[in-house]
Amino acid sequence: MLLPLDQIPAALRAEGGMSRRLWLAYGTSLAMLPALSKTVSAVEKSPTFPSNPFTLGVASGDPDHRSVVLWTRLAPQPLEPQGGMDPLPIAVRWELADDEGFQKIVASGTEVATPQLGHSVHVVPTGLRPDRWYYYRFLAGEATSPVGRTRTMPSPDSLPGQLRFAFASCQHYETGFYTAYGQMARDQLDLVFHLGDYIYEGAGKDGKVRKHLGEEIKTLTDYRIRHSQYRSDPLLQGMHAVCPWYVTWDDHELDNNYAGAISEKMQEDPALFLQRRANAYQAYYEAMPLRPRSLPQGPNLQLYRRGAFGRLAEFQVLDTRQYRTDQPNGDRGAELNDAALNPHNSILGSRQREWLQGGLLRSQGIWNILAQQVMMGMVGRGPEGKFHSMDQWPGYAHERMELVRYLQDRRIPNPVVLTGDIHSNWVNELRVDDHQPELPVVATEFVGTSISSGGNGVQKNKAHAEILAHNPGVKFQNAERGYVRCVVTPDKWQSDYVVVEDVLQPNGNVLTRESFVIESGRPGVNKA
């Protein structure tokens with residue numbers, strides 16, 4: 001069934017209508033929805049495997065106070081088509097326990113891993129106790145998965161004393177090792193937010209730390225193998241097994257700097273690009289601990305969602321790729337001209353924007369977190385700071401200023417924006433218009449650098465002094481690799497910028513470069 005016209009990606013409705021060719025292509029993509037029949041007689045209940053089928057590890061995600069998603073994917077040969085699996089549905093048993101030795105199992109069951117979804121498993125045990133740690137594992141045939149650790153969120157009416165989480169993004173497999181995840185696993189976190197660029201789509205290149213398999217990825221098999229190659233990293237696997245994650249994508253999970261249904265530089269046939277998008281979105285769902293309600297329908301996947309850690313913090317996890325209009329002035333640097341200020345530009349799409357505003361109005365959280373992809377600070381670069389990235393929120397400046405004005409006018413408590421994408425660390429104080437420093441600060445944005453993308457960085461790049469001189473809202477900028485660790489209490493938020501000095505060699509030195517603090521009820525940020 002085709003979606004209503006107002007739910008079709010905006011780029012497909014350009015100039016007031018849709019060509020018959022694109023409409024048919026869209027319908028064809030929706031028809032790719034996997035057949036998920038789980039006929040008991042067709043399920044292999046006692047499978048045998050040529051080798052360990054749990055090579056991709058385990059993960060958990062999207063927790064609430066009564067449930068959490070448990071994930072794995074069967075792939076005895078993960079870098080082969082179909083992961084080395086026969087095209088048969090497989091019975092996979094799962095167990096959730098109070099203890100690591102599984103002497104006190106609190107929930108268990110059997111899920112069917114279907115070939116239509118790459119033999120991935122998404123289990124959602126319900127009726128769990130709030131604010132509690134659990135252990136989980138999967139069993140298929142005679143094979144047993146690694147043990148994962150996860151947790152539920154506190155009750156919605158409770159006020160926890162502390163939340164510890166980290167956020168990360170941009171983990172290019174070829175350009176560096178995932179040393180940061182080794183430290184993150186030792187940080188005793190409640191949660192992780194991954195803000196996009198979990199994989200990169202480009203062809204393998206020689207002379208790098210590691211090499212992608214194959215050419216630029218486009219088919220479902222291509223995307224599955226690329227996700228498997230990334231997930232084969234032991235440090236990434238290890239971090240997934242430590243605590244639950246909230247994930248969202250940016251662009252490289254599909255195509256660099258794409259906008260809605262428009263490929264980078266509009267080089268691909270729009271109909272073929274929709275099919276590629278359907279492939280990428282399905283592979284992403286198969287590889288991530290997402291709830292079944294996010295099961296993609298062709299080139300569409302419901303990814304924006306919310307969560308909460310009691311009344312301490314509410315999270316709005318955004319999708320700034322799927323619904324955006326095309327970048328004005330191209331997708332690079334440009335002045336904030338009429339094209340960039342056009343009120344018809346949208347990075348969220350109308351439905352997501354209305355959903356976000358409604359969630360913020362209803363929020364009971366002391367802290368209100370927007371976990372999203374691209375920089376919201378209107379940071380100017382170049383001579384006199386006139387050039388802004390059109391792929392980030394400045395390319396959608398009207399919507400961006402209206403959102404910050406909404407936060408201000410509705411007096412949303414303690415808004416904090418978490419951002420990835422840019423391969424560098426930033427701390428930005430956000431105003432309705434960041435070019436007017438006399439305006440009040442409304443929110444704080446913490447921008448995290450890449451895990452590995454770009455290879456080794458530097459403490460201060462060549463543009464550092466110029467950026468600070470032309471952007472009074474920028475309080476910190478750093479171009480090393482790493483992640484951001486956050487400790488949140490009812491009274492204070494602290495963000496630690498954890499950096500890895502060398503990602504080109506395993507076991508690089510890890511340290512905290514800077515720490516910043518927000519006091520509850522006092523917009524603005526200070527060094528710790």
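Visitor: Hi! Before we start, what does contact mean here?

Guide: Contact means heavy atoms within 4.5 Å. Keep in mind that this is a predicted model.

Visitor: Got it. Which residues of helix 6 meet helix 7?

Guide: From helix 6 they are Arg 353, Leu 356, Gln 357, Leu 360 and Leu 361, and their partners in helix 7 are Glu 399, Leu 403, Tyr 406 and Leu 407. Sorted by class, this contact has six nonpolar, one polar and two charged residues.

Visitor: And at what angle do those two helices cross?

Guide: Roughly 15°, with the axes of helix 6 (residues 350-362) and helix 7 (residues 397-409) coming within 11 Å. Angles under 35 degrees count as roughly parallel, so helix 6 and helix 7 are roughly parallel to each other.

Visitor: Is their crossing left-handed or right-handed?

Guide: The crossing of helix 6 and helix 7 is right-handed.

Visitor: What about helix 3 and helix 5, how do they pack?

Guide: Helix 3 (residues 220-231) packs against helix 5 (residues 270-287) at about 35°, and their axes are 8 Å apart. Their crossing is right-handed. Among the residues that meet are Tyr 223 and His 227 in helix 3, and Asn 279 and Tyr 284 in helix 5. This contact has six nonpolar, three polar and four charged residues.

Visitor: Switching topic: how much space is in the second largest pocket?

Guide: About 310 Å³. The pocket is lined by 19 residues, and Asp 64, His 65, Arg 306, Gly 307 and Ala 308 lie nearest its centre.

Visitor: Which strand gives the largest share of that lining?

Guide: Strand 12 (residues 305-309), with four residues. The lining of this pocket divides into six nonpolar, five polar and eight charged residues.

Technical notes. Residues numbered from 1 in each chain as written. Predicted model: local features only at pLDDT ≥ 70, side-chain atom pairs only at ≥ 80, totals over all residues. Heavy atoms only, no water. Axes fitted to C-alpha atoms, helices over the stretch in contact; angles between N-to-C directions. Parallel < 35°, antiparallel > 145°, perpendicular 65-115°, else oblique. Left-handed = near helix turned anticlockwise from the far one by under 90°. Nonpolar A, V, L, I, M, F, W, Y, C, P; charged D, E, K, R; others polar. 1 Å grid on protein atoms, 1.4 Å probe; cavity = no way out; pocket = protein on both sides within 12 Å on 5 of 7 lines; lining within 4 Å. Points joined across faces, edges and corners; volume = space filled by probe spheres on them.
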